[in-house]
Protein chains: 2
Amino acid sequence: MLKVITSKENPRIKFAYSLKDKKNRLEYKMFLAESFKSLKMAIEHHKVVEVFTTSYLDIDEEIPQNLVSEDVIKKLSSTVNPEGIVFICKIEEVSLENPKKILYLDEINDPGNMGTLIRTALAFSYDLVVTSDKCVSPYNEKAVAASKGAIFALPIKKGELKDYKGSHKIIVSTLSNKAKYLEEVEVPEKFVLVIGNESHGVSKETRNLADLDVKIKIDNIDSLNAAIAGGILMYKFH
Amino acid sequence: MLKVITSKENPRIKFAYSLKDKKNRLEYKMFLAESFKSLKMAIEHHKVVEVFTTSYLDIDEEIPQNLVSEDVIKKLSSTVNPEGIVFICKIEEVSLENPKKILYLDEINDPGNMGTLIRTALAFSYDLVVTSDKCVSPYNEKAVAASKGAIFALPIKKGELKDYKGSHKIIVSTLSNKAKYLEEVEVPEKFVLVIGNESHGVSKETRNLADLDVKIKIDNIDSLNAAIAGGILMYKFH
């Protein structure tokens, strides 16, 4: 299904543009993504609603395709040099039967970190990413871009850490003295790995839910970047 | 030494502003940094040339301090909500006697990745960071910010990988079949760990210099973010 759109005032373009706003993403349960690599993953996971492209794409005919000018793409894109496509995707909250490896993001503020953590969780075969109320939206354009398509492949939902208490070992990374170094601990069969905020780490309430406090041995500097710490922890716990 | 500057046209402000340009950074061998945490590390490592601040700082009197308006800070800062200080630092190329653990950045393009890799190298007690000609400058404002002060504490220089061939084991991360998984290799005593480009990894010339090809076991997605891969590799090789 191919349409040609020339005006930036076209209702479909206006609707797509409106998804840059979090309020509209929540209302319509849709978000914007770009790049061919991401499109490939989004199609594989049946998440594409509609595509805006500067040249015809040989994809499933059932996906609506709008042929648009470069100006339209520039308007919709969040990057300086867009690849010539922007597409609308649906947000779906999946319910998983028995997720074993869960990444819990406590208060990730930086969209780049959010996307990178999702990408890394997919690479280490996590079953689910759960975000707390205090996180930046994973559907923020920068987060979507940094996820490199992982956002389409990995179930993501909002939730509370306490819901996993009992069913899963809750692993929290802290700098406290009672925390064990990564090398000293075994990987549990079912667990939730918690990554805290970029500046102040995990909250006290979160620490109180921990079954296992771990730390990465570092020197010379207070802390690692949250996504780097998350990467090392997922490499260990996977 | 405290001066009060009210005009954005003041020559010191203009000079500081000129350091946003790479050409001027190279010419004067100076760069801009901000945040109190970074200032603390910069002072510790004797790298501060001059400070611009909205309120008097209780620091070494020999460091020139300019009391300026918030507008001046906004002009000099690269962040949306600056902390009220910006300072000029010197770029010094140190010559190390016998660096054992070296991080070699082959073609890192993203300033955030550059800074994060430097921060991580400091945390894992690397002796030296060497950047190839093709890297983004580590003195780019975003790279400096992402390094969280590590740029002052860790020797950084430009150089070629081949200069370390023979004296150090050259470790390259690739996706090739002949690469060994991280878990299968020993940590050499003297080594250079190479991190490649965000999109296309390490170049063929670099691969040809490798003494040890390693890879991180991942699934479901082509690759990890370059800084995440670097973090996991430095966690292993330190």
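How many salt bridges does the rule find across the interface of domain 1 of chain A and domain 2 of chain A? Keep that in mind as you look around; the model you have open is a predicted one.

**Stop 1: the two domains of chain A**

Start by colouring residues 2–90 of chain A, which make up domain 1, and then residues 101–236, which make up domain 2. Taken over C-alpha atoms, the centres of these two domains of chain A lie 30 Å apart. Where they touch, 15 residues come from domain 1 of chain A and 12 residues from domain 2 of chain A.

**Stop 2: the surface between the domains**

Now turn to what is hidden there. Domain 1 and domain 2 of chain A bury about 1100 Å² between them, with 64% of it on carbon and sulfur atoms. Select Arg25(A), Phe31(A) and Met41(A): this trio supplies 40% of the area that domain 1 of chain A buries against domain 2 of chain A, more than any other three residues.

**Stop 3: the answer to the opening question**

The rule finds 1 salt bridge across the interface of domain 1 and domain 2 of chain A. Show the side chains of Glu141(A) and Lys20(A), which form a salt bridge whose closest N and O atoms are 2.8 Å apart. Across the interface of these two domains of chain A there are also 3 residue pairs in polar contact, with both residues at pLDDT 80 or more.

Next, pick out the pieces of domain 1 of chain A that face domain 2 of chain A. On that side, at least two residues each come from α2 (22–28), β2 (30–34), α3 (36–44) and β5 (85–90) of chain A. Sorted by class, this side of domain 1 of chain A has 8 nonpolar, 3 polar and 4 charged residues.

**Stop 4: on to chain B**

Bring chain B into view. Here 29 residues of chain A are in contact with 29 residues of chain B. The area buried between chain A and chain B is about 2400 Å², and carbon and sulfur atoms give 61% of it.

How many salt bridges are counted between chain A and chain B? The count is 2. Zoom in on Lys37(A) and Asp222(B), whose side chains meet in a salt bridge at 3.5 Å, N to O. The interface of chain A and chain B also holds 12 residue pairs in polar contact, both residues being at pLDDT 80 or more.

To finish, select α3, α5 (111–123) and α9 (226–236) of chain A, each supplying at least two residues of the side that touches chain B. By class, that side of chain A has 14 nonpolar, 8 polar and 7 charged residues.

Technical notes: Residues are numbered from 1 along each chain as its sequence is written. Chains are lettered from A and ligands numbered from 1 in the order in which they are written. This is a predicted model: local features need pLDDT of at least 70, side-chain atom pairs count only at pLDDT 80 or more; totals for chains, interfaces and linings use all residues. Side-chain values use heavy atoms; hydrogens and water are left out. Domain bounds come from an automatic or database domain assignment. Contact means heavy atoms within 4.5 Å. Buried area is the accessible area (1.4 Å probe) that two parts lose on being put together, summed over both. A salt bridge is a side-chain nitrogen of Lys or Arg within 4 Å of a carboxyl oxygen of Asp or Glu. A polar contact is a pair of N or O atoms within 3.5 Å; within protein, one must be able to donate a hydrogen and the other to accept it, and residues adjacent in sequence count only if both atoms are side-chain atoms. Helices (H or I, at least four residues) and strands (E, at least two) are DSSP runs, numbered from the N terminus. Ala, Val, Leu, Ile, Met, Phe, Trp, Tyr, Cys and Pro count as nonpolar, Asp, Glu, Lys and Arg as charged, and the others, Gly among them, as polar.
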